[in-house]
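Please read the points below beside the model. They are meant for someone who has not looked at it before.

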Amino acid sequence: MENKVFTKCPSCGGENTVMKDAVQKEIDKGTMLEGTRIPAFYSSVPIMSPTSKLLAPKTVPVATFIFDVCSDCGCVYCIQVIEDVGQVQMRPQKSPRQPGNPFIGN
Ligand SMILES: [Zn+2]
């Protein structure tokens, strides 16, 4: 996998996004530095087997998907994919019974 940049809305072909426009207004006012980018939202996904057992924090490849919203048609689309590495940690395991939870029998 490699880093990818998608510069046009897949729906209408527009190149402006809500966050790009909002950040540009701040850059024009002088409150943000040129080149600042803020995603509407993003999601990072570790590239590892979902069933692998983690006994210790582990460094694995991570794909980060950055999304924004087209200013012209409102389509939400991925504007960039970044491949990086990150550390994943073991999640706390849920106990089968949770004392005090009224939805789980005793
Ligand atoms: Zn669009």
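Leaving aside its neighbours within four places in sequence, which residues is Ser-44 in contact with? Point 5 gives the reply.

1. Basis of the note. The model is a predicted one, in which local features need pLDDT of at least 70 and side-chain atom pairs count only at pLDDT 80 or more, while totals for chains, interfaces and linings use all residues. Residue numbers start from 1 along each chain, as its sequence is written.

2. Overall content. Helices (H or I, at least four residues) and strands (E, at least two) are DSSP runs, numbered from the N terminus. Of the 106 residues in the protein chain, 6% are buried. Here a residue is buried if 20 or more other C-beta atoms lie within 10 Å of its own, exposed if 12 or fewer, and partly exposed in between, with C-beta atoms placed from the backbone.

3. The sheet. Four strands make an open sheet in the order S1-S4-S3-S2, with antiparallel pairing. S1 and S2 (41–46) are the edge strands, each pairing on one side only. Two strands are taken to pair if DSSP finds at least two bridges between them. In general, strands of a sheet pair through backbone hydrogen bonds, either parallel or antiparallel.

4. S3 (residues 58–69) and S4 are antiparallel and joined by twelve bridges. Within this pairing, Phe-65 has Val-81 as its bridge partner, and Phe-67 stands opposite Cys-78. Six residues lie between the two strands of the hairpin, and Gly-74 in the turn has a positive phi of about 85°.

5. S2 pairs with S3 over six bridges in the antiparallel sense, and Val-45 has Ala-63 in S3 as its bridge partner. Ser-44 is also in strand S2. Leaving aside neighbours within four places in sequence, Ser-44 is in contact with Val-62, Thr-64 and Gly-86; contact requires C-beta atoms, placed from the backbone, to lie within 7 Å. Ser-44 counts as exposed because it has 12 C-beta neighbours inside 10 Å. Ser-44 and Ala-63 are 19 residues apart along the chain, and their C-alpha atoms are separated by 5.6 Å.

6. S1 (residues 4–5) runs antiparallel to S4 (residues 76–88), and two bridges join them. Val-5 stands opposite Gln-80 in S4. Thr-7 lies in the loop between S1 and helix H1 (18–29). Thr-7 is exposed because 8 other C-beta atoms lie within 10 Å. Thr-7 and Cys-78 are 71 residues apart in sequence, but 9.3 Å apart in space from C-alpha to C-alpha.

7. The helix. H1 has twelve residues, which at 1.5 Å a residue should span 16 Å; the end C-alpha atoms are 17 Å apart, so the two agree. The expected span is 1.5 Å times one less than the number of residues in the helix. Gly-30, with a positive phi near 90°, follows H1.

8. Contacts along the chain. Among contacts in the protein chain with a separation of 6 or more, 60% are between residues 24 or more positions apart.

Terms used:
Two residues are in contact if their C-beta atoms, placed from the backbone, lie within 7 Å.
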